[in-house]
Amino acid sequence: MDDDSTTVIVHARSVAMEAQADSPVRTIRVDARPPSPDLLAMLPGGPQETASALRLVRQRLELRQPLGQKLIGIVSARPGEGKSVFAAQLALALSEAQRAKVLLVEANFHAPSLANLLGVTVPTHQGFSVQLARRMQNRNDPWVELALGPSLHALLEEPGIGYAQALYSTHFLQALFFLAPAYDYVVIDGHAVIGSGDANVLAQGVDALLVVARSGTTRGADLLATMQQLGEHKPADVILWDVPASEHRA
Amino acid sequence: MPPAGFASTPHFASYGAPPPEEPTPREQMARLKTLARRSLGHWKPAAAIMVLGCAASVGLALQQKLIFRSECSVSYRLGKGESDESGVDRVMRLAPRLRQVLTTRARLESIVRDFALYPRIVDGRGMGEAVDEAREHIEVRGRDSETFFLSFESESAETAQQVTQRLAEDMISEFESQKVLQAKQKAEFVAREQEQAESRMDDAEKALSTFAGEHPVMAAAVRGSLPGSADLLVAAQQATVTKSVSMRSGSAATGASPENALPNSVGAVLAQLTAARDDAAARVAHAQQELQDKLANYTEQHPDVSAARSDLGVAQRALETASGRLDRAKAEAQATAPSTATSKSSAPSVTRTRTQPRTPPAPPALSPSGEAEVRLEFERRLRGVRDARELYTQRRESLEKANLELSAARATANESMAILDPANLASKPYKGGRSKVAFAGGFVTLILALGYAVARVLLDDRVHDPGDLRQLGLRPPLGVVPRISSAPRGRRG
């Protein structure tokens, strides 16, 4: 990673591994080439209005940090409403200028998209679900994290190679609880709530949930159903995302 | 709003913040502005609706049938002393009557046929429906007490003008006929009354003459007390003849011969009755000629024709009455002729009797009380004749007056109603203005387009802004992330 940059992904680099002997966590430094840098907003030259809005979200989350809201699950009512993009935007915003150490976790094993979004090539058999599967086979290999920047690490999925059922194992939550203490925030890209129970599994392990509602796409009835399904066990807030300029200014 | 039993969950109760309150007026206004702005977002389909609606409106306007209206004003002048009613009353009375007169089936049938009106209705549903349709387009309204407007509506300005003119002319003609008809009906009524009075007078005179015949001593009294008693005496003689005929055989036996002086009197009676019969026949001929004339100009249903037919009936009944009287008198005269011949041939004393002054037969001797009764009866019958004659005279004067009025009505009918302004040729349509239809269609289309846009917004269940979350009963969002305009749109995980 380029340490001089205020952002995390700028230049391509060769893959390197920071191997620590007998360490339970290994960090692999990866280069990232996001196909749509503007989409992530927090990169240099990105849209300032969106970046400002994300910083405002960051500030509100920081105010809640004393409440113990560290593990943040990102979900949405239905697929395709922007939870992965927002998770990446939020992780970049939280780790901006090394304000906080952030771990970005891909938990949507059925349709992972963070790796593609960030333009990261996940090392072979180092996807999160594969690592969980190894744990399920009683192989206590160290956890392999991808270092996207000095304060931003990620557990991503290798496209096409994954084990979706790993979400339902106890190792999933154990992994989150094991890795979280090393970070200020753990941002977990979750699932669509309606029509699946995966989001509820995620909700068990997180401190707070952010429900992404895409402006002009998400239906009010779906949003209410989402809130109802998530229940009142964990605080859930709505992030109104992808709001057109006209609505935003109004 | 959140579902029932869900409002108390943390998602809706807000963490550390007061629950959502009722929106302030400012917030409500802002919400309305937002909805209006979103409605404008649907301008493309709304514009498409406008374009299609306007095109349809223009098409409809071009297919709109134009209705032209032609009007004609007709003045109605009231005759001297004809009526005391006010102008308003006259208008209220006359306008419906004139319309009724104009919209009779026979009249409208001829108009529909002459001007080839409503050919589709005539072909498809018959003349009756066409007449009803024409009736709907005729209007008669009073402007003031002496002027009426008559109008007709048609799809052609020329047709409207021609039909209106025809209706006005027909109305005037009909009105004239009506006026004459009223006078004629009055004259007929008075004539019938006069006939009754005449019949009553005849009966009374006949009764008196019979009485005088039975009591010759009263004949002198008749002469002295009743003007025109000579005719009455002739009638008395005729009554005596009748009586002698009925008692012909009996009178020969008694030797009494009051018939000796009768032949001349019978001839006079026959001459009078013949003259009366001839007069009645002349009246019948005149009435027939009148009827023929009317039938040549009008239909069977025309009031003039009906009146002429009524005249003819009256004249024919009068002729039958006169003929009957004459026939009866002739028969009686023929019945008396043989006895006269017998008396000529058998009794020279009869010839002598002719040369000598006629003397009435000796009256039967009466007692004083009987004479008083006879005189009393005579007076009663005499009074009956006088009353009947007086009534007859009154009726005759009334008839003469009615005939004069009829003549006057015939002479002055044309002066009572006239066309003031002929039917005009309409220069622009009265109904069905195409521009109005086009503008109305455009307005309706605009409403539809606006309604469509507003309905789209109101029925839109999607979340657009924090206001929508508030509408759902949710807390304000933790963050509102604007759209990145340069980023590709599409599904995002």
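# Questions on a predicted two-chain model

Colleague: Which residues of α3(A) are buried?
Modeller: In this predicted model, a residue counts as buried when 20 or more other C-beta atoms lie within 10 Å of its own. Helix α3(A) is mostly covered, with 12 of its 12 residues buried. The buried residues are Lys83(A), Ser84(A), Val85(A), Phe86(A), Ala87(A), Ala88(A), Gln89(A), Leu90(A), Ala91(A), Leu92(A), Ala93(A) and Leu94(A).

Colleague: Is Ile72(A) buried or exposed?
Modeller: Ile72(A) belongs to strand β3 (residues 71-76) of chain A. Leaving aside neighbours within four places in sequence, Ile72(A) is in contact with Tyr185(A), Val186(A), Val187(A), Ile188(A), Val206(A), Asp207(A), Ala208(A) and Leu210(A). Because Ile72(A) has 23 C-beta neighbours inside 10 Å, the residue counts as buried.

Colleague: What is the C-alpha to C-alpha distance between Ile72(A) and Val186(A)?
Modeller: Val186(A) is among the contacts of Ile72(A) beyond four places in sequence. The two residues are 114 residues apart in sequence, and their C-alpha to C-alpha distance in space is 6.1 Å.

Colleague: Which element gives the most residues to the side of chain A that touches chain B?
Modeller: The contact takes 52 residues from chain A and 33 residues from chain B. Elements of chain A that give two or more residues to this side are α1 (37-40), α2 (48-64), α3 (83-94), β8 (208-214), α8 (220-230), β9 (236-243) and α9 (245-249). The residues of this side divide into 27 nonpolar, 15 polar and 10 charged. With eight residues, the element that gives the most is β9(A).

Colleague: Which residue of β5(B) is the bridge partner of Leu240(A)?
Modeller: Strand β9(A) pairs with strand β5 (residues 479-482) of chain B in the parallel sense, over four bridges. Within β5(B), the bridge partner of Leu240(A) is Val480(B).

Colleague: Which strands stand at the edges of the open sheet of four strands in chain B?
Modeller: The sheet has the order β2-β3-β1-β4 (chain B), with antiparallel pairing. Its twist averages 30 degrees from one strand to the next. Two of its strands each have a single partner strand, so one side of each is left without a neighbour in the sheet. These edge strands are β2 (138-144) and β4 (417-421) of chain B.

Colleague: How is α5(B) oriented relative to α7(B)?
Modeller: The axes of helix α5 (residues 105-115) of chain B and helix α7 (residues 127-136) of chain B come within 9 Å and cross at roughly 95 degrees. The contact is made by Arg105(B), Leu108(B), Glu109(B), Ile111(B) and Val112(B) of α5(B) and Met127(B), Ala130(B), Val131(B), Ala134(B) and Arg135(B) of α7(B). These residues divide into seven nonpolar, no polar and three charged. Because angles of 65 to 115 degrees fall in one class, α5(B) is, relative to α7(B), roughly perpendicular.

Colleague: What percentage of the residues in chain B is buried?
Modeller: Chain B has 17 helices and five strands. Of its 493 residues, the buried ones make up 24%.

Conventions. Residues numbered from 1 in each chain as written. Chains lettered and ligands numbered in written order. Predicted model: local features only at pLDDT ≥ 70, side-chain atom pairs only at ≥ 80, totals over all residues. Contact = placed C-beta atoms within 7 Å. Nonpolar A, V, L, I, M, F, W, Y, C, P; charged D, E, K, R; others polar. Pairing = 2+ DSSP bridges. Axes fitted to C-alpha atoms, helices over the stretch in contact; angles between N-to-C directions. Parallel < 35°, antiparallel > 145°, perpendicular 65-115°, else oblique.
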